[in-house]
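Here is a friendly note to read alongside the model. Please keep the structure open as you go through the points.

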Amino acid sequence: MSRALASPSLAAQRSVLGAVLLIACWEGTARGLHLPAYVLPAVSDILVGLWSKRTILFDAAGYTLIEAIVGYGLGCLIGIGLAVAIGLVPALRSAILPLATAINSVPVVGYSPLILLWFGIGVSSKIVMVAMAVSFTILLSMLAGLDRVDRRAVDLMKSFGASRLSVLWRLRLPTALPLLLAGMRVSTVRSVIVAIVTEMLGAHGGLGWVIYQAVLQIDFVQVWSAIFVASAASLAFFGLVGFLERKLLFWT
Amino acid sequence: MSSPAATSLSEAAAAARSITMPDSLRKLIRLMLGLAIAAVIWEGAVLLFGIRPYYLPRLSTILMAMAATPRAYIDGFLRTLAETLIGFASGGAFGVLMGIVFFRVRALREMIFPIFVVSQTIPVIAFGALVVLWFGNTLLAKAIIAFYLTFFPVTVNTLLGLETVDPKQVALMRSFGASNRQLLLRLQLPTALPQIFVALRLAASLSLVGAIVGEWFGDTTGLGVLLLQAMFTENVVAIWGALLAAALLGTGFYAVVAAVERRLVFWSAEQ
Amino acid sequence: MLELRAINKTFGAVAALSGLQASIAPGEFVTVVGPSGCGKSTLFNIVAGLEEPDAGGILRFEGKSCHAADLLGRVSFMPQRDLLFPWRNVVDNAILALEVEGMPRDQARAKALKMLPEFGLAGFEKQYPNQLSGGMRQRVALMRTFLFERNLMLLDEPFGALDALTRAMMQRWLLDVWQKYRRTILFITHDVDEAIFLGDRVLVMTARPGSVKLEQAVDLPRPRRPDIVTSSEFVRLKRTLLDAIEEESMKSFQSSIAQEKPQ
Amino acid sequence: MLELRAINKTFGAVAALSGLQASIAPGEFVTVVGPSGCGKSTLFNIVAGLEEPDAGGILRFEGKSCHAADLLGRVSFMPQRDLLFPWRNVVDNAILALEVEGMPRDQARAKALKMLPEFGLAGFEKQYPNQLSGGMRQRVALMRTFLFERNLMLLDEPFGALDALTRAMMQRWLLDVWQKYRRTILFITHDVDEAIFLGDRVLVMTARPGSVKLEQAVDLPRPRRPDIVTSSEFVRLKRTLLDAIEEESMKSFQSSIAQEKPQ
Amino acid sequence: AEPQKASLRLKWLPQAQFAGFYVAAAKSYYKAEGIDLTINPGGPNLLTENLVATGADTFGLSGGTDSVFAARDKGLPIVCIGVSHQITPFIFVTRKDGPVKTIQDFKGKTVTTWFTGANHVLTGMLAKEGVKPDELKIQPQQVSVTPFVDGSVDVVTATYYNEFYTIQSRMPKDSLKTFVAEDYGITFPRDTLIVAEATAKEKPELVKAFLRASLKGWKDAFSDPKGAVDTVMAAAPTLDRAQQEFMLTEVKRLMTSGAAAKNGLFWIDTDAVKTAHDFFLKYGVISKPLDLAAAYNASFIQSVPVADRLP
Ligand SMILES: Nc1ncnc2c1ncn2[C@@H]1O[C@H](COP(=O)(O)OP(=O)(O)OP(=O)(O)O)[C@@H](O)[C@H]1O
Ligand SMILES: Nc1ncnc2c1ncn2[C@@H]1O[C@H](COP(=O)(O)OP(=O)(O)OP(=O)(O)O)[C@@H](O)[C@H]1O
Ligand SMILES: Cc1ncc(C[n+]2csc(CCO)c2C)c(N)n1
Ligand SMILES: [Mg+2]
Ligand SMILES: [Mg+2]
């Protein structure tokens, strides 16, 4: 009901207002306190820097986004696949879940030396890292969603002679969808970050590589330019998944 | 009349517990067994296939290396644990709070939520250097990074959980003249609780990630420090040592959160 | 007490209520019958303050013209589906409204515990809703409504899932409460016997879009004894009402077969 | 068709069924009545294959001794709560069982669409459950059950939320289906008139822990016309049954007041 | 008087490369000079120059002459008060039996290097031999030297004290060939001690006291390497002792080579600095000529008697 009341244009106006306020604060602080670039550059300087390095930055963003999106897709598949497997064969739960938790308890970057070692310094190591980070979030969200069903509804399906697969497909998946999609939304942002962080540890290109180089060259305007581009890319990714979510969850 | 009912009820509860006790014991035994099997497979695979220690050392080698400098691991474990707990608690609380605020005040949500999203798109590593600049090598600095990683999923799930409340139940509460506060405490939060816990379980892992990554900015103790040192001295045995310690911490903490969840969200437990 | 005039309510393309007119005197016990889907629950939602009728209708409560929302918290309402909270046990579900009113929990629980036997729920205070039978859930919901003491009470098929005797006992109990505290009661049922047995007046609603087709006063003396159902006066009333309802039910069936699509 | 012997079922400390004994012949229409909370739904859950009775009981289906779980998919079951899926509209909820059986959606939908008018739901095929009235939801659930064609059918208070005429029409419809296809039907109701009007036999259950108190054959000729309810034979049967139920209801009320705690 | 609070930010994680500072702290030499010093490790994502410039840390042991130039070029107000490694610590390593025999052979080969300063050494050496950087495949070097050990990389960059040890321990003895910058007339002094300009101006006594104590620590470390490694390993217990002992030996060599042999530890060799400066200017690493006197302030180290500086 409230969703219908607030027109999308108003929502958009408000988010723009929020962004404008934040940028104004930032710009004001940086300029007002005469902060040097190595502490915090002014937004205007960053935007100018961004524009002047636009080709490098956009190429790098494309590179990173490809890693993030492929890794994200892979992670979603793995996460959903594992959750579905557990849904179909409950005995797998006690095997998969502790292992997944243990693996996920270590920051993905902790594996970076091993992953870089095994998959090399190119794109594939980033994809693996992103997939690892994403798949756990998806697994947890999806499992929670699958478990959320009304037991009586499951019983009803069973009384129709529904197989586990049928119960999963017709009942558990629709129930799990909101949580799964929330997990997928949160993961978009993480996938870009993990790609960037891995790039910072060893890469041929991408935003993380640009950031790493810029830090070493003490070019903080470029660091922030790259961060801005990364944010924009993540936001677009986040928005896309959010859009899909609204399309799919029509009944709520 | 009600007191015998109460006592017999509590007896029933006790009886129920004594039934579940061997169950949890069985679980523990199964867990131990699983770990033992995993250890044997690891050790055996390395020996059998002659895997080069550089790729995968023997488990016994790793454990022996850890036992050689136990203090480093114990101190690191405790320090990282403290950072994780602080980050988790503050991130969880803030996340739930912001979820509620965004749920309640649509205008704020539309203004600030996108900024939250943006904040999450900033790589921790870029942000970490700033935290050191502002807060130095303190426990607080790591906790802030853990916090930063934690609060967002909690906010998203809290918001989502609050929005799935059955409008008919809201209507019922309203017909009792419930205030917004009562609506929140008695209906919306309990309904959202299962969802919130999904995020908290995630946050348990993420806060550890935050603590460890936070320690990469010039800290002196912690599992993150051990990991970093091992990484850059290419000491694969030590890398695995730090990974195992972190996995132990993470799994333990996760298990605690999951246990709390089972207690609090008893009504939606399916299995 | 309550006056409704020219009340319309449409959901998208479905007209649920149209030109509904009714007035309820203080202390009156009014029962509502009508074909399934005619808008009875919708009417209750409006009177409970949960839905605003379409613009143009007039709603007066205790003499003052008001919006539906003004009625929130002033009417005790039992919805058609029990809407128990799965994380609260029987007692805690029952005291929900009292808690909302600010009564300390212990006090509220004590009050509820005393009522449990009358609802046939003694010994079940610690059970959770998923451990109850359908009729028990309904009784818990009913208890929750009773504990929320308001002058106007709306009960939407409160005894639908009860066996004959439990239903009779609950009816008697309801009449007791009504007579002792002189609450005003609006009561939806599909059981015409029940409608006549309990009501001062029976409202028969038309097929969707609902309005009041017939207001039938029930001039049977009170207290009414169970065997009153065999009295000729009762049987005559029942015939009148059944005819009216069946005419409407038939319409609603035919219309749903023939033309009126909800788009 | 179905034979139950010495069936017990306890939930933790609550004994729901105890020593229940019954047998249902193929093609029989058996109605079940009993006080609220006596274990009727529990019995149905067992026969539908959803719960195993406690060890020791004997369950025979179509002549073969079996576990409850073996009955899954062989019995069409309508639960007491409608359990419609909120993300499926009326038609898609109705065809759920057909889909599970593997029928192509289009075909299943066509089949369901043809039935909608008989259930008074024509024109509502695209509505979602939260847009339906209580009675309409119940009819969708009923339709879902009918579309799952099995020899044994379990209906748990299927007409509880319907007005008199709709209920009568549904009853007629049910008898038609039953006579045409000779399905075996087990039917829970709280309406004794309905139990007699529909059943070949009425089972009266005792108070919790439930068992069969009385098996009353209904020797009224079929087809039964609506006015049969005034026949002396009908009234006599009704008296017998009501007495039995009331005795049990009273017990269940007293026990819940006095001693029997759910431990 | 109250000891003065100060911190030293290292350029990397605790290891024997910084033994002298740890020894000085452990033996309370800083305390004796009235300084309450905290040693903060560095790491892959920290920039010592930045932390010192912003005042987050008082002293820094930063990347090297190259990074001091770059920092000054970007306007970071830091001053170098001492240089630790008098000669280039980087070498380029290849297989003795491999195809690379001379710098000319780098052409078309895969060479990995750090883009943190070592790349400039490589560029310089290539330039001396007339090889253009785009004639070879230069790739960023990752944490691990395994790609080189496995043979997927032809030439790898190493520090004498760290990666070189790892490579040697994982490959047959005497199977390696190294290219040394000094052989091509290039010297990049590294591991520079820095302070903020404000500290240099306002607290010269603090800076001098810090240098005195640090020098004592380093001299102790060189005279008792085993004890010094013990001290370092107290800070980082999981380190490999043999490697740390090796590191300290190598670091001693780097710190006492060149001008330091005569002028003592942390000597600022202005000629070497000038050469490096001109090199960076030529290759566009810095945008404009820098005021070397302002960037390198030798007065502090010179305030310590030579005898106390000689190892
Ligand atoms: N939220 C809604 N959205 C769309 N249509 C609705 C909504 N609520 C009710 N309706 C429609 O309004 C009509 C009246 O519904 P209502 O629930 O008031 O019926 P009712 O008289 O209570 O029926 P029953 O006796 O079956 O409970 C129905 O046709 C229903 O489909
Ligand atoms: N899952 C459960 N856990 C604990 N107790 C249960 C559970 N299910 C049912 N019971 C108990 O078993 C008894 C019988 O319940 P059941 O639902 O079979 O009654 P019923 O005869 O269908 O009643 P109604 O007519 O009210 O629907 C009740 O006392 C109920 O509290
Ligand atoms: C991500 C990453 N950053 C830096 C180094 C390298 N490092 C360690 S010691 C040293 C030499 C400094 O004198 C250098 C450059 C690395 N290996 N990985
Ligand atoms: Mg209704
Ligand atoms: Mg039941």
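Which residues are the closest of the 21 that surround ligand 1?

1. The closest residues around ligand 1 are C:S41, C:T42, D:Q131, D:S133 and D:G135. Here, a residue counts as near a molecule if one of its heavy atoms lies within 4 Å of it. Ligand 1 lies between chains C and D.

2. Before going further, note that this is a predicted model, in which local features need pLDDT of at least 70 and side-chain atom pairs count only at pLDDT 80 or more, while totals for chains, interfaces and linings use all residues. Residues are numbered from 1 along each chain as its sequence is written, chains are lettered from A and ligands numbered from 1 in the order in which they are written, and side-chain values use heavy atoms, leaving out hydrogens and water.

3. Now look at the polar contacts of ligand 1 (a polar contact is a pair of N or O atoms within 3.5 Å; within protein, one must be able to donate a hydrogen and the other to accept it, and residues adjacent in sequence count only if both atoms are side-chain atoms). Oxygen atoms of ligand 1 lie 2.6 Å from a polar side-chain atom of C:S41 and 2.7 Å from one of D:S133. The backbone takes part as well: a polar backbone atom of C:G37 is 2.7 Å from an oxygen atom of ligand 1. On its own, ligand 1 has 640 Å² of accessible area, and the protein covers 90% of that (areas come from the Shrake-Rupley method with a 1.4 Å probe; for residues, only the protein chains shown count as cover).

4. What classes of residue make up the shell around ligand 1? There are 6 nonpolar, 12 polar and 3 charged residues. Ala, Val, Leu, Ile, Met, Phe, Trp, Tyr, Cys and Pro count as nonpolar, Asp, Glu, Lys and Arg as charged, and the others, Gly among them, as polar.

5. Ligand 3 has residues from chains A, B and E around it, so its site is shared between chains. Among these residues are A:Y212, B:F232, E:K11 and E:Y161. The shell divides into 5 nonpolar, 2 polar and 2 charged residues.

6. Which atoms reach ligand 3? An N or O atom in the side chain of E:K11 is 2.5 Å from an oxygen atom of ligand 3, and one in the side chain of A:Y212 is 2.9 Å from a nitrogen atom of ligand 3. Of the 440 Å² that ligand 3 exposes when taken alone, the protein buries 93%.
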